[in-house]
Amino acid sequence: MPAGTLYIGAPLQQLSAQFSAPCDFLHFHVSASTYFPFLRPGAGTASAEGLNDLVLLRDPFAEQLAKALTERGHSADREFARCIGQTLAMHLARRELPHSKVNALPKWRLRRVEEYVGTHFDHCISLSELAKVAGLSRMHFAAQFRAATGYRPPREYLLHQRIERAKSLLSNSETALAEVALTVGFCTQAHFSTVFKRITGDTPARWRCASRNASASSRLSGGDPASTYKAVSHVLPADFS
């Protein structure tokens, strides 16, 4: 994101960010019901879900407001900061009126993206690359992809694909954890283990052990291995720059 970039997250939506280099940023929490009167009870059929993210919006006025706050550093008093925040919120409220939901990425475009990621999951894939594969601009692709999958592309989606591939290696081979990590695109085993546990709820070693125990138990009982496997596969629902 270049200097002066604005990202406005819609109400009730979880926001995550990955920082690959040092940067300065301001994070404002704005009351939707205060600055968007149509969201108040009894105001009609509009709701918080009716607002979408504004992606990579360049706004010189908002940039100047941020500079006015940051240039005063620690000397900025709470009242001054509150006024800056209120001005920014009112400015954004004038721009972001209720609008319809973003259309989901068409299935044929989504299929092209999924095939591309399936082939290049072990590499770093940028938002620009995926947008090009889908034949859309970065902004339109990001919004439509999220509407279709729930992921903020490309990072979270890519990580989930890597973890799914890692599960296959863990359950069907004796490959060492470090080698599995490198095979699916992680630079270190430690990073792989951290992401694996966040997504599945288990460390790779424990997941492999549980998966094999479940498979062995299923074979002994004559049950369906697939149904037992699902019980130990703690995949989070679809929740990526």
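**Figure 1. Arg198 and its salt bridge with Glu156 in the predicted model.** Arg198 is partly exposed, with a relative accessible area of 44%. In this predicted model, Arg198 forms a salt bridge with Glu156, and the closest N and O atoms of the two side chains are 3.1 Å apart. The pair links distant parts of the chain, since Glu156 belongs to helix α7 and Arg198 to helix α9, 42 residues apart. Glu156, for its part, is buried, its relative accessible area being 14%. The value for Glu156 falls in the buried class because that class takes in residues under 20% relative accessible area.

**Figure 2. The salt bridge of Arg212 and Glu174.** The side chains of Arg212 and Glu174 meet in a salt bridge, with a distance of 3.4 Å from N to O. Arg212 lies in helix α10 (residues 204-221) and Glu174 in the loop between α7 and α8, so the pair ties together parts that are 38 residues apart in sequence. Arg212 is partly exposed, at a relative accessible area of 28%. Glu174 counts as exposed, with 65% relative accessibility.

Figure 3. Lys67 and Glu63 are both located in helix α2 (residues 60-70). Four residues, about one turn of the helix, separate them. Their side chains meet in a salt bridge of 3.8 Å, N to O. Both partners are partly exposed: Lys67 has a relative accessible area of 36%, and Glu63 has one of 23%. For the protein, the count of salt bridges comes to five.

**Figure 4. Arg162, a buried charged residue without a salt bridge.** Arg162 is placed in helix α7 (residues 155-172). This residue is buried yet has no salt bridge. The nearest side chain of opposite charge is that of Asp122, 6.9 Å away. When neighbours within four places in sequence are left aside, Arg162 is in contact with Phe121, Asp122, His123, Cys124, Val184, Gly185 and Phe186.

**Figure 5. The largest nonpolar core.** In soluble globular proteins, nonpolar side chains tend to be buried together. Here the largest nonpolar core has 30 residues. Those with the most contacts inside this core are Val113, Val117, Phe141, Phe145, Ile163, Phe186 and Phe192. At least two residues of the core are supplied by each of α4 (107-120), α5 (127-134), α6 (138-149), α7, α8 (177-183) and α9 (189-200). Helix α7 contributes the largest share, six residues. Another core lies apart from this one and has eight residues, among them Leu6, Ile8, Ala62 and Leu69.

Figure 6. Ala166 is a residue of helix α7. Ala166 counts as buried, with 0% relative accessibility. Its contacts, leaving aside neighbours within four places in sequence, are with Val180, Val184 and Phe192. Leu182 is 16 residues away from Ala166 in sequence, and the two C-alpha atoms are 9.9 Å apart in space.

**Figure 7. The loop between β1 and α1.** Phe28 is found in the loop between β1 (5-8) and α1 (32-35). Together, Leu26, Phe28 and Val30 make a nonpolar surface patch of about 220 Å². Phe28 is partly exposed, with a relative accessible area of 30%. His27 is also placed in the loop between β1 and α1. At 51% relative accessibility, His27 counts as exposed. His27 and Tyr7 are 20 residues apart in sequence, and their C-alpha atoms are 9.7 Å apart in space.

Figure 8. The protein contains 11 helices and two strands. Along the sequence, these elements follow the pattern β-α-β-α-α-α-α-α-α-α-α-α-α. Of its 241 residues, 33% count as buried. The accessible surface of the protein comes to about 14,700 Å², and 56% of this surface belongs to carbon and sulfur atoms.

Notes
Residues numbered from 1 in each chain as written. Predicted model: local features only at pLDDT ≥ 70, side-chain atom pairs only at ≥ 80, totals over all residues. Heavy atoms only, no water. Patch = residues over 30% accessible without salt bridge, like charges linked within 9 Å, V, L, I, M, F, W, Y side chains within 5 Å. Areas by Shrake-Rupley, 256 points an atom, 1.4 Å probe, with all protein chains shown as cover. Salt bridge = Lys/Arg side-chain N within 4 Å of Asp/Glu carboxyl O. Buried < 20%, exposed > 50% of the residue type's maximum accessible area, 1.4 Å probe, protein only. Lys, Arg positive; Asp, Glu negative; His and termini not counted. Contact = heavy atoms within 4.5 Å. Core = buried A, V, L, I, M, F, W, Y, C linked by side-chain atoms within 4.5 Å.
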